[in-house]
Amino acid sequence: MDVNTKKIIKNAWRVTKERGVTCLRIRVPGGHLEVKYLDLLKEIAEKYGNGTVHLTTRQGFEIPGIQMNKIDEINQMLAPVIQGLEMELGVPVTDETAGYPAAGTRNVAACIGNRVCPFANFDTTKLAGKVEALIYPNDFHVKIAISGCPNDCIKGHLHDIGVMGMVEPVYNQQRCIGCQACVKNCRQVSTGALSFVNYKVRRDPLRCTGCGECVLKCPAAAWTRGKQSYRLVIMGRTGKKNPRLARPFLEWADETVVLQVIKNMYAYIDRHIDRSLPKEHVGYIVDRTGYPVFREEALAGVTLNPEARVAAWMDWSGYRYERTSNMV
Amino acid sequence: MGFALTTEQFDAFLAGLARDYDIYAPKRLAGKGAFSGTDLIAYAPVQSLAEIVFDRKTFYSPKEILLPISQTLFYFTEEAYREPQQQQRPVIIFLRPCDVHAVKRLDQIYLHNGDQADPYYRERREKVKFFVMECTEGFDSCFCVSMGTNRTGEYAVFLRLEADRVLCDARPEFTPALAAYGREAPFTPAFIEQNKISVKTPEKIAPAVYGHPLWSEYDSRCIACGRCNVCCPTCTCFTMQDIFYEDNPRCGERRRVWAGCMIDGFTDLAGGHSFRNKYGERMRFKALHKVYDFKKRFGDHMCVGCGRCDDVCPEYISFSRIINRLAEVSDDE
């Protein structure tokens, strides 16, 4: 049996523990899809696989138990999925009957967003689609996740890039009845950015995370939604060396800025990646170049919207497994 | 007298009125809903027919036009005080029959409750003209028919929106203006005769209702957010706020600001006392005010059955169900 493993891995097929048997990874950008695609996935799993699918942490599907000699045949079958879930978003695919064109950059995950969730500040799946169109296909191993609000339910803090929806709350003091629902709630569930002065609410803009809770809690529409923007947290990761949470890189950034920075990050990786390794995560590249180099290159050619703020320095937390001296 | 106006003619009529009146109507405020990507239907100044929302109920009632949410009553310095200049222009409000009745409830409290009419309210109220929007279908939560607020004759102009024209019935004050823009046409206003929901209000309340277990359900279901108070077209309570300006605390102003009986702090007294700490007790207080004691005092129920409190409750508490349950337990007791 002769199989080019490098080739099939880039084609979104796995080398599994069982010889000759592979597993197909399906991308679902934004984690939301029309159920019509499930029919095809079911057919592949029943006819070629072992009748099961695995729901991945990245909101895709893996279809296990497929013989490697069926790869070409199944790639042909996948055309409607690649067309509907990738090409229709604007992802450039030259041959939709040849399976996935890359697997390095992982599926862009998203929380359920404002199609359902009252807390979400925007349509996360829609932005995930725009990001997918911008960065896929790509071989660099990058993980991006998008959340509707700073609750970060999709856990962008464990991703190379986590995008979170922010909204500028606009206060009309004429409509405020002084019930303090927003003040109490902000203190309880958010950052305590609101205070009550002279029977009206004062917002500390440096403390406000743009979560939108005050708008949701206000019974009188004294708080309403202003401009919607984003927080970008970067270089969170799990992994066997140095797990850590991402740190804020941008806040109050608009969509154009977010998309440009993501695009620039790929150029940064391309410039600095250690090509002697089979693969290198962007976070480890930043560890090597230092944050100032990343910041400069990520913002190259980007015109920040006036409200946007950029982290002056970065102190990623996290720990190194080999230095856990408390394991006695 | 009846008139028919095309959409264009009606817009010209409105433009003419705008010279003398501020015109308020239900309007779609894009992106101003609490949830992202949603609009708020609320009262706002309008200039054309297309801006007026006929097919949705407003989230907030027109009460805020007559009774500002936050209103400065006077400014004070060390030795003197003065009222703000009232420069209120005459106002036209587009509203449904139930909301006209609701304004009558406001009148009852602010104009006819004791010897002294409230001058701030009267100042605005005297300048208001009602343009009643015909309402024959209502909405899912409405129960105006049960409350007897489905009909009204109190209007300056009554309108029916049709596909490409507006039919109006006008009082003499507005007939010259309508005649100038439209043509005479027979028109008889219609009213809604049946809602999807009907309620039975209690005739007599036995003392046992006070401690009835029906209220305790709301101890946990209600979150005391006060949306039902704020959205109610007949809630009239306010509180006073004395503000001392931060830059110079020797000057300041006294404001009156809406208050709500469901909200924490409503019953706070000197010494730290407060009443109705349980939310079910607040619900009882509100319910009995809306459909019992107001009527005992003034002859009509306070509640006009607009159903806004049902629409806005984040905990899906239905006030019409509360009324019916109240009537049931009152009959039992």
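This is a predicted model: local features need pLDDT of at least 70, side-chain atom pairs count only at pLDDT 80 or more; totals for chains, interfaces and linings use all residues.
Residues are numbered from 1 along each chain as its sequence is written, chains are lettered from A and ligands numbered from 1 in the order in which they are written, and side-chain values use heavy atoms, with hydrogens and water left out.

Let me start with chain A, which has 10 helices and 11 strands; these are DSSP runs, H or I over at least four residues for helices and E over at least two for strands, numbered from the N terminus. Its C-alpha atoms fill a box of roughly 80 × 50 × 45 Å along the principal axes. Of the 328 residues in chain A, 51% count as buried, where buried means under 20% relative accessible area, exposed means over 50%, and partly exposed is in between, with a 1.4 Å probe and protein chains only. If we take the contacts in chain A (heavy atoms within 4.5 Å) between residues at least 6 apart in sequence, 67% of them join residues at least 24 apart.

Turning to the interface, 27 residues of chain B are in contact with 26 residues of chain A. The buried area, that is, the accessible area (1.4 Å probe) lost by two parts on being put together and summed over both, is about 2100 Å² here, with carbon and sulfur atoms giving 48%. Across this interface there are 3 salt bridges, the rule being a side-chain nitrogen of Lys or Arg within 4 Å of a carboxyl oxygen of Asp or Glu. One of them pairs E246(B) with R202(A), whose closest N and O atoms are 2.3 Å apart. On the side of chain B that touches chain A, the elements giving two or more residues are α8 (227-231), β11 (238-244) and β12 (252-258), and the largest share, 4 residues, comes from β11(B).

Which residues of chain A does S36(B) touch? Not counting residues up to four places away in sequence, S36(B) touches N114(A), A120(A), N121(A), F122(A) and R225(A). S36(B) sits in the loop between β2 (22-29) and β3 (40-45) of chain B, and it counts as buried because its relative accessibility is 7%.

Back in chain A, S147(A) lies in strand β5 and is buried, at 1% relative accessibility. Beyond its neighbours within four places in sequence, its contacts include C111(A), F122(A) and M164(A).

Finally, some backbone details. A cis peptide bond, with omega about 0 degrees, joins Y136(A) and P137(A), and P137(A) lies in the loop between α5 (124-135) and β5 (144-147) of chain A. N198(A), although not a glycine, has a positive phi of about 55 degrees; it is found in the loop between β7 (194-197) and β8 (200-203).
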